[in-house]
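Please look over the sequence and the structure first.

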Amino acid sequence: MSARLIDGTAISAELRNKIAQAVTRLSQEHGLTPGLAVVLVGNNPASEVYVRSKTAKTTAAGMRSLLYTLPDTASEAELLALVADLNADAAVHGILVQLPLPPQIDPQKVIEAINPAKDVDGFHPLTAGRLATGLPGIKPCTPLGCIILAKSVHASLAGMEAVIIGRSNIVGKPLAHLLLAENATVTIAHSRSRDLPGIARRADLLCAAVGRPEMVDKTFVKPGATVIDVGINRVPTAEGKNRLVGDVAFAEVAEIAGAITPVPGGVGPMTIACLLLNTLRACCAANRLPDPTL
Ligand code: NAP
């Protein structure tokens with residue numbers, strides 16, 4: 001491979017280390033401990049893995065981790081009641097309801113029930129609106145992780161041609177706003193875009209958030225481009241197990257890209273580190289303290 005590997009595992013560990021130091025200072029100087037409540041409904045195996053990892057890393061950063069598990073059969077009213085309790089709990093600075101939710105629960109209703117000040121996932125419409133209009137506020141974790149990874153390669157993203165494949169509310173759209181705020185020139189492509197490889201080849205910075213295993217092959221990539229792979233796809237192996245692959249055909253794209261994130265070990269660990277960052281920031285904001293310097 002000729003591309004530089006963007007090591008999300010190492011970059012996220014460094015960020016979590018800085019967050020842990022800021023948490024220690026917050027405790028020493030103000031007697032505060034940031035608290036993150038994670039709510040898991042049902043037993044989706046992938047969600048259980050994510051939640052375990054989130055709670056372990058929250059504790060490791062010196063924060064309070066509160067895990068609430070509800071059965072698969074929980075009603076929407078039960079979950080909304082729990083969210084209302086967490087909204088009212090002063091020791092909880094961040095609330096994350098792990099998605100997907102069982103079919104009887106409307107995820108949008110749950111997202112909108114979270115106090116925007118505790119919306120550390122950054123999915124609430126008010127948070128999205130602040131981001132879209134350039135107001136200060138919480139930045140969604142995965143897109144923020146993508147920006148940090150891109151800036152580990154390029155000190156400035158200003159003027160770069162950025163192409164995002166995918167327009168979801170949790171990745172593609174907020175990532176576009178963050179890139180605009182970095183003064184990149186942004187194109188969002190999606191399933192109805194014509195000549196997707198041609199659009200993607202314009203990119204100095206190509207971000208794939210599609211959910212299609214290895215769809216982005218070398219025909220999508222301008223030589224030397226930086227490629228950020230958000231995709232997490234489980235594909236069956238010949239041995240009957242699962243392996244994780246991204247939306248990018250890593251081996252062939254790494255031959256022509258300038259820099260590339262792996263899957264696993266790229267965007268995934270950054271998402272959790274940015275969740276901790278958002279919880280720390282929410283705790284500071286709730287206590288009228290300035291945004292922490294890391
Ligand atoms: P999503 O809500 O399913 O959105 C996928 C987007 O890709 C949609 O905008 C869709 O277009 C577009 N798309 C689908 N097929 C396409 C095609 N053949 N050509 C062009 N565009 C296509 O997915 P998401 O939630 O954004 O997640 C995307 C991927 O990122 C998934 O693999 C997910 O697991 C992963 N992810 C990773 C993290 C992390 O922490 N690393 C976090 C979140 C998500 P339309 O809008 O036209 O349908």
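## Helix H7 and its neighbours

Which elements do the buried residues of H7 pack against? The model is a predicted one. In it, those residues pack against two helices, H5 and H6 (141-151). They also pack against three strands: S5 (161-165), S6 (185-189) and S7 (205-208).

H7 itself runs over residues 172-181. Its buried residues are Gly172, Pro174, Leu175, Ala176, Leu178 and Leu179. Just after H7 comes Asn183, with a positive phi of about 70°.

## Ligand site

A side-chain N or O atom of Ser191 is 2.5 Å from an oxygen atom of the ligand. For the side chain of Thr271, the N or O to ligand oxygen distance is 2.7 Å. Val230 uses its backbone instead: an N or O atom there lies 3.4 Å from a nitrogen atom of the ligand.

## Second largest pocket

The second largest pocket holds about 490 Å³ of space. Its lining counts 25 residues. Pro116, Ala117, Ile138, Ala282 and Ala285 lie nearest the centre.

H5 and helix H10 (267-286) each supply at least two lining residues. H10 gives the most, with 6 residues. By type, the lining of this pocket splits into 13 nonpolar, 6 polar and 6 charged residues.

## The cavity

The structure holds 1 cavity of 30 Å³ or more. About 70 Å³ of space lies in the largest cavity. Strand S4 (94-97) and H4 are the elements that give two or more residues to its lining.

The lining of the largest cavity consists of Ile95, Leu96, Val97, Leu99, Pro107, Val110, Ile111, Ile114, Asp119, Asp121 and Phe123. Of these, 9 are nonpolar and 2 are charged, with no polar residue.

## His124

Where does His124 lie? His124 is in the loop between helix H4 (107-113) and helix H5 (125-132). Is His124 buried or exposed? Its relative accessibility is 10%, so His124 counts as buried.

Leaving aside residues up to four places away in sequence, His124 touches Ile111, Glu112, Ile114, Pro116 and Asp119. Among these contacts, Ile111, Ile114 and Asp119 also line the largest cavity. Pro116 is one of the residues nearest the centre of the second largest pocket.

How values were computed: Residues numbered from 1 in each chain as written. Predicted model: local features only at pLDDT ≥ 70, side-chain atom pairs only at ≥ 80, totals over all residues. Heavy atoms only, no water. Helix = DSSP H or I, 4+ residues; strand = E, 2+ residues; numbered from the N terminus. Buried < 20%, exposed > 50% of the residue type's maximum accessible area, 1.4 Å probe, protein only. Contact = heavy atoms within 4.5 Å. 1 Å grid on protein atoms, 1.4 Å probe; cavity = no way out; pocket = protein on both sides within 12 Å on 5 of 7 lines; lining within 4 Å. Points joined across faces, edges and corners; volume = space filled by probe spheres on them. Nonpolar A, V, L, I, M, F, W, Y, C, P; charged D, E, K, R; others polar. Polar contact = N/O pair within 3.5 Å; in protein donor to acceptor, adjacent residues only side chain to side chain.
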